[in-house]
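Here is a short note for a colleague opening this entry. Please look over the chains before reading the points.

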Amino acid sequence: MQRIGVFVCHCGTNIAATVDVKAVAEALRHEPGVVVSEEYQYMCSEAGQELIKNAIKENALTGVVVCSCSPRMHEATFRKTVAAAGLNPYMLEIANIREQVSWIHKNIEEATEKAIILGRAAIAKVHLNAPLTAGESPVVKRALVIGGGIAGIQTALDIAEAGFEVDIVEKNPTIGGKMTQLDKTFPTLDCAACILTPKMVDCAQNDKIKIYSYSEVSEVKGFVGNFDVTIKRKARYVDENKCTGCGLCTEKCPQKKVPNEFNLGLDNRRAIYIPFAQAVPKIATIDADYCTMLKSGKCGVCSKVCTVGAIDYKQQDTYVNEKYGAIVVATGFNPIKLDKYDEFAYSQSADVITSLELERLMNAAGPNGGTLLRPSDKKHPHRIAFIQCVGSRCDDGKGKSYCSKICCMYTAKHAMLIREKYPDTEVYVFYIDVRTPGKNFDEFYRRAVEEYGVNYVKGMVGKVLPEPDGTLTVRASDLLNGQQLNLSCDLVVLAAAIEPDNSARPLATMLTASMDTNDFFTEAHPKLRPVESPTAGIFLSGACQGPKDIPETVSQASACAAKVIGLLAKNTLKGNPCVAHSNELLCNGCSSCEKVCPYGAISYSDKEFRINGKMVTRRVASVNPAVCQGCGACTVACPSGAMDLNGFSNSQIMAEVDAICKW
Amino acid sequence: MTYSYYPGCTLKTKAKELDRSARLCAEALGANLRELDNWQCCGGAYTASSDEIATKLSSVRALLEAESREEDIITLCSACHNVLKRVRNDLTNDANFAFKVNNYVKPEKPFEGKTKVIHFLEFLRDEIGFDNLREKVVNPFTGKKIAAYYGCLLLRPSGVMDMDDPENPKILEDFIRAIGGEPVMYPYRNECCGGYVALEDKSATVKKSEKIVASADGFGADIIITACPLCLYNLESAKGESEVKYFTELLAVALGIKEA
């Protein structure tokens, strides 16, 4: 028989105003096994904890029930308290009489009754609690960053700065990500390349950082502290160790008609290419979809002009295996495809462009050398309309329900830059709301309106009509003036919603990291653990977790690095002892548990058993306690009752249910 | 291939050419169009008020008759198609509407949803197939620039009509390619022509339709085609450069039908 102490918390008036705490303590005092039952104003305070510790020592308690707030709030606190008094921390149970009672009920009598019932359930469970001890596993002191945009770069630099090795896996031939395509950055208008390329070079030169460019993660095994990752290095048909990045091959390649993805297809590149001048690593890559040599075996110009013999048409994909203690997801975002928004005529007119395309058109390294010209006839546009929220804040099922967050600010930036450089160009911005929270953001937007004379029109655009004379009629409602507008424009810029990169979903499956319905990675807690995935050892950096601008991305990237460093600084990791285990004698090897396990913690093996004096080989499940997160899905799925969860055993749950039903 | 055929009033009066050419084309393509025995006017416009059933009863009767024949209904006029298809949607998805209608009409067998409402264009695309149609063309419109005019009723509401993308449709353009013509892309092809406002204020519909034909003309169209008699009337009233024809008239020529 356990000797149990019950401690009822008032939580100031949070609980005590709705629950008669004295009555609860008194009622629970008479439960079997309870030797002491007390109430106190703030059980989590130092004095409250002292009260528990003293009670444990004076009454030789073996189990403790605290009736207070949610275990999410203070379970860890009270576990430490009972441990300090010499008890195993898992001999503590919490009855949640705040979130589940006082905050949701008004009638004191009913609330008190419910609090007593929950207390009884906790007492019934403690009777069956057993001391649990967490196992330990070693930590591999190396991190993997998946994605080499500004988020991945910042996280990698910070981890390397702390002295740990870190590898970046980037699917493109160069690191840098979306930021390399931007012209200027808000709210200070510094040039994106000027602030990004030094960081890219730092990555390349840092001896703690290894860059796997043109590579993808193809398999992930293992668990926190000890991930086993296979990286696919895609064939780039160029020997990375020999190529000097001189670029001669990219000038001589006769295949000139390859859409240049760096400039979003606004101009062409060659079949062998270096994405842009500041690429890191500065190594040429052959695009196998367009290379004449790879397709028909007739060409070989790049091989002839290469002075170091770096071209290798026979190169194959290779695979690298590495071990990592932590994995950072930094897979970023992409603008959505606009094929469902043809009312804006994006597919019908070359002069309807996206904001990212505008960045390239305005960039000195872009297709027009930085002069803003209409794509159709290379003429200077005199009136430009910006359409906000294209695919964002949509509840019609075509687009995204969320706000893409960055568009209001970059549109203000575009509008301002255009008015600054081309004062004869009129700029209209059609918006639902202008959203500018952020340091110096609203001031920035006000400048666009007040100093630069950008015309902000509240109202959405219904349709963009390409006219026979090459102009674009923008049909919109001006909600503040209550009139319909038909505005003749030369260029229309669409602020396309952003969505997670399409590599995110398969990666999440590989990592068993959870995602929301929009394919953004879910953080462990929306407020208190924003850079960790609920899966131990997986961390989130940048827009893969939600739409973010650069300042916010860099903040999150550094926060993410701090969490990784905290993990890698440990030599061993203490596991969670509340993990599942299988009773091999009951297990019938059906695989039900394996199928539901979201963490890949369950494996099967053939084992020999002596049954009725005979040796029989049976297939049975076993749980890797280092990987198991204790979710309990397997215990529910198991048809033979072989799976059980430490700390939440089937018998403990049933005891709780019995205690509740007995009332 | 036997279908119940719902012509609608306009096809018996103003738009006889649409009715005649469509019947000839169907025959040439091996489809048997059996006109419903007791069809009544569809009402001309679908009534949006949810408790209104009287104006929808003629469509209900047409659907019941076709279902008793175990046939799908083929329509031509965009307005009739819109009304019939939306009433069919109400009958199958709105239990309250179906209950009231059945109480009133007292059919031998309530509508089960087996009969579908198919527009002649959908018949060409889904039953015949534009690739097969192309092979049957003997007088292709080679070199002719043809502008498709959809109007509003054929495509919207898109969830119910379920024919094509309402903002960027292509069924008529695919049809134009099948008969050997070159489709003209212009942004007004799914704008409203003004519709019934022509009865009340013709200058308003002319103004709307002028924009449509001017845009089609501006992009170099020789012919504008449509499926809707009212659209045809309004576009003709706008007096543009291109001639306005029913799509079935061009089809009949393309298929080499002599009577056409």
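The points below cover the model, its domains and its contacts.

1. This is a predicted model: local features need pLDDT of at least 70, side-chain atom pairs count only at pLDDT 80 or more, and totals for chains, interfaces and linings use all residues. Residues are numbered from 1 along each chain as its sequence is written, while chains are lettered from A and ligands numbered from 1 in the order in which they are written.

2. Start with chain A. Its assignment lists domain 1 (4-126), domain 2 (142-218 + 225-234 + 317-332 + 501-568), domain 3 (248-305), domain 4 (334-499) and domain 5 (580-646). Domain bounds here come from an automatic or database domain assignment. Between the C-alpha centres of domain 3 of chain A and domain 5 of chain A there are 53 Å.

3. Chain B has domain 1 (2-120) and domain 2 (130-254). Their C-alpha centres are 23 Å apart. The contact between them uses 20 residues of domain 1 of chain B and 16 residues of domain 2 of chain B. Two residues are in contact if their C-beta atoms, placed from the backbone, lie within 7 Å.

4. Which helix gives the most to the side of domain 1 of chain B that touches domain 2 of chain B? It is α3(B), with seven residues. Helices are DSSP runs (H or I, at least four residues), numbered from the N terminus. On that side, α1 (16-28) and α3 (78-93) of chain B each supply at least two residues.

5. Turn to the two chains together. Eight residues of chain A contact eight residues of chain B.
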